[in-house]
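Dear colleague,

Please find the structure below, together with its sequence.

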Amino acid sequence: MGRKLQELPEQPSPLVELARWLREQRQRTGLTYAQLAERLEVNKSTLSRAVSGTTLPSLTMVEEIARACGADVNAGRRLHRKGLWELRIRQMLQGEKRNPRDFVVTPADLWNALVSQYALSGLTYRRAEEKAKRLAARGVIEQPISRSTFHNFVTRRTSPTRTIMFAVLAVSDVPQEEWPQWESAWRIARMEDVRQAARDGSPAAREYLGREPERLLKPYGIPWSN
């Protein structure tokens, strides 16, 4: 591409994850960036920005790169959606704050929102671990979280448990008065997990929801009907 691409930003974020995936697909094909740009019929600077990890490329660009590289287009779409969540959180911080319950419906929504919140902190996994230890010692959170747990959460190998959620919020300097809103969002996401299990035929999930569905579901704004 005339000059070597810049290294990806060190701090984890959905934008970096998307850029790394796009770079890996190009590398897997053996195409140079110049050849890929020519195949996509875009200029080199456009392709360079798309894989920079600092800006979000258009969904069309992500899909075209995936197709040109013979990659999973749906995987690219999922990563792009996570990038959109990061930008949405940034916009929220710059403007009017919104309750997390306004945009969390599924466990994936909660995960995207929390990862984007963590990305805004700019913390490496090591620094997050150190900060979590200090916060646990002060009684702000129940227990310290290791760097491997932070890494597994950001890379979606670990689901956002309540303990992990509060640790992420704490190290990201989210004011504690906002934590109840996030806990409510967490309950919404967990309830959707139960509802999905019920739809999949789980007797236990159906029994749980059947006990007092109105009491369980109404506080979280979730309709009982499928």
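**Two loop residues**

Arg156 is located in the loop between helix 8 (147-154) and helix 9; helices (H or I, at least four residues) are DSSP runs, numbered from the N terminus. The model is a predicted one, in which local features need pLDDT of at least 70 and side-chain atom pairs count only at pLDDT 80 or more, while totals for chains, interfaces and linings use all residues. Residues are numbered from 1 along each chain as its sequence is written, and side-chain values use heavy atoms, with hydrogens and water left out.

Most residues other than glycine have a negative phi. Arg156, however, has a phi near 65°, which is a positive value in a residue other than glycine. Its relative accessible area is 46%, and Arg156 is therefore partly exposed (buried means under 20% relative accessible area, exposed over 50%, and partly exposed in between, with a 1.4 Å probe and protein chains only).

Asp173 lies in the loop between helix 9 and helix 10. This residue is not a glycine either, yet Asp173 has a positive phi of about 65°. With 55% relative accessibility, Asp173 counts as exposed.

**Aromatic pairs**

How many aromatic pairs does the structure hold? There are four; rings of Phe, Tyr and Trp (its six-membered ring) pair if their centres lie within 6.5 Å, and planes under 30 degrees apart count as stacked, over 60 as edge-to-face and the rest as tilted. One of the pairs is formed by Phe166 and Trp179, which are stacked at 5.4 Å centre to centre, with 25° between the planes. Phe166 belongs to helix 9 (residues 162-171) and Trp179 to helix 10 (residues 179-199), so this pair ties together parts that are 13 residues apart in sequence. Phe166 and Trp179 are both buried. Elsewhere, Tyr118, Tyr125 and Phe150 make up one aromatic cluster.

**Helix 2 and helix 4**

Two packed helices are described by the angle between their axes and the distance between the axes. The axes of helix 2 (residues 33-40) and helix 4 (residues 59-68) come within 10 Å and cross at roughly 110°; axes are lines fitted to C-alpha atoms, for helices over the stretch in contact, and angles run from 0 to 180 degrees between N-to-C directions. The two helices are therefore roughly perpendicular to each other (65 to 115 degrees). Leu36, Arg39 and Leu40 of helix 2 meet Met61, Glu64, Ile65 and Ala68 of helix 4 in this contact (heavy atoms within 4.5 Å).

How values were computed. Parallel < 35°, antiparallel > 145°, perpendicular 65-115°, else oblique.
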